[in-house]
Amino acid sequence: MSRRGLLGASATGLAAAGLTTAAPAGAAAPAAPAARPGRRSARPEPGRSGIRLRWLGNNGWEIRVARPGATPATVLIDPWLTRFRTGTYSEEGADPGTRLTVDRAAIDRHRLRADQILVTHGHYDHLPDVPHLAATTGATVLGTESHANMMLALAGPEERRALEDQLSVVRGGEHIRFEGYSVRVLRSLHSMPGPRARVPFPGTRPGGPPPRPRTIADLVEGETLAYAVTCEATGFTVVNFGGSNFSAADLAGLAPDLAMIQPGGSTVHDYVPRLLSCLDHPPYVVPTHWDDIDEPLDEPAVDWGGLTGLRKAVEAASPDTRFVVVDHLETFTP
């Protein structure tokens with residue numbers, strides 16, 4: 001497979017082929033029951049969902065959850081702020097030998113806080129900044145055994161001490177209640193690009209931390225998760241997919257109000273129509289992972305080429321769904 005094929009076909013190819021439109025620790029004590037799984041909340045007026053989203057680029061999100069009588073909770077998904085150059089969306093594609101970089105000063109400039117950090121998979125544009133953020137925020141970190149082992153291998157001494165106390169290893173299937181909100185962990189799948197439909201940098205890292213990762217190829221997928229976050233006060237649920245693929249069986253009974261989904265999915269059968277059908281056609285779709293990650297986070301996002309195709313696919317499959325594009329570091333309150 002070419003370097004370009006490691007993380008997908010060309011942007012044009014993904015837009016055209018993948019989006020055809022076919023026609024633990026910190027958990028809260030028991031509280032009042034949240035909305036029943038599989039039953040969408042009574043849709044609140046716009047701006048009153050109790051959820052505020054801020055896009056941190058790529059699949060990075062800050063989710064603020066309102067909690068009556070308490071300060072809002074903050075949940076981070078795949079926060080990756082370093083954005084070292086990889087050439088991922090160039091004609092040549094990412095070089096597997098690209099050295100990993102964690103720019104702690106760049107991370108700290110964003111002054112993030114977090115109660116939980118949710119890791120969808122182990123690749124270089126999702127996981128490397130998490131050990132530092134865990135140490136600086138004190139957040140509980142959810143991920144698979146492989147994600148945990150790779151983070152421990154990446155971490156400096158202080159970061160490792162924090163992670164050893166703050167990691168919560170999950171597999172998918174967990175539904176965890178925290179004060180004022182819950183997190184549902186969903187088994188999911190990574191995109192499988194290229195003519196042979198192969199997961200880029202596949203593999204797992206069970207049994208303990210591997211040797212320190214040095215290059216982007218050293219951070220393997222480590223299994224993929226999706227996450228649903230529900231505001232207990234309103235019942236409003238958002239779901240995030242870290243790859244342009246999904247496991248339909250693991251979405252049974254899930255009817256989110258807002259879905260964060262990716263462009264791509266060129267080898268996934270009826271990717272967008274099937275996904276939106278599984279999710280019972282959510283009122284909102286917010287695209288994620290659509291920006292060229294070689295471009296700066298503090299400037300407007302540069303579409304790698306999949307955004308228009310995703311919009312058209314959503315419009316065709318779910319005409320009543322509102323497609324909301326959030327730019328770098330901007331917020332949206334549904």
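Strand β9 (residues 224-231) pairs with strand β10 (residues 237-241) in the antiparallel sense, over 5 bridges. Strands pair if DSSP finds at least two bridges between them; strands (E, at least two residues) and helices (H or I, at least four) are DSSP runs, numbered from the N terminus. This is a predicted model, in which local features need pLDDT of at least 70 and side-chain atom pairs count only at pLDDT 80 or more, while totals for chains, interfaces and linings use all residues. Residues are numbered from 1 along each chain as its sequence is written, and side-chain values use heavy atoms, with hydrogens and water left out.

**The mixed sheet**

- Y227 has N240 in β10 as its bridge partner.
- The sheet is open, with 7 strands in the order β7-β8-β9-β10-β11-β12-β13 and mixed pairing.
- β7 (175-178) and β13 (322-323) each have a single partner strand, so one side of each of these edge strands has no neighbour in the sheet.

**R184 in strand β8**

- R184 is part of strand β8 (residues 181-188).
- R184 is buried but has no salt bridge, and the nearest side chain of opposite charge, D250, is 7.5 Å away.
- Buried means under 20% relative accessible area (1.4 Å probe, protein chains only).
- A salt bridge is a side-chain nitrogen of Lys or Arg within 4 Å of a carboxyl oxygen of Asp or Glu; Lys and Arg count as positive and Asp and Glu as negative, with His and the chain ends not counted.
- The R184 side chain reaches the backbone oxygen of A252 at 3.4 Å.

- Strand β4 (residues 116-118) runs parallel to β5 and is joined to it by 3 bridges, with L118 opposite L142.
- From β4 the chain passes through helix α3 (residues 130-137) to β5 in a right-handed β-α-β crossover (with the strands pointing away from the viewer, the path from the first strand over the helix to the second runs clockwise).
- Strand β6 (residues 167-169) is also parallel to β5 and joined by 3 bridges; here V141 stands opposite L167.

**Helix α3**

- Helix α3 is largely enclosed by the rest of the structure, because 6 of its 8 residues are buried.
- These buried residues are V130, P131, H132, L133, A134 and T137.
- They pack against α2 (104-109), β4, β5, α4 (145-154) and α5 (157-166), where contact means heavy atoms within 4.5 Å.

Methods:
Buried means under 20% relative accessible area, exposed over 50%, partly exposed in between (1.4 Å probe, protein chains only). A polar contact is a pair of N or O atoms within 3.5 Å; within protein, one must be able to donate a hydrogen and the other to accept it, and residues adjacent in sequence count only if both atoms are side-chain atoms.
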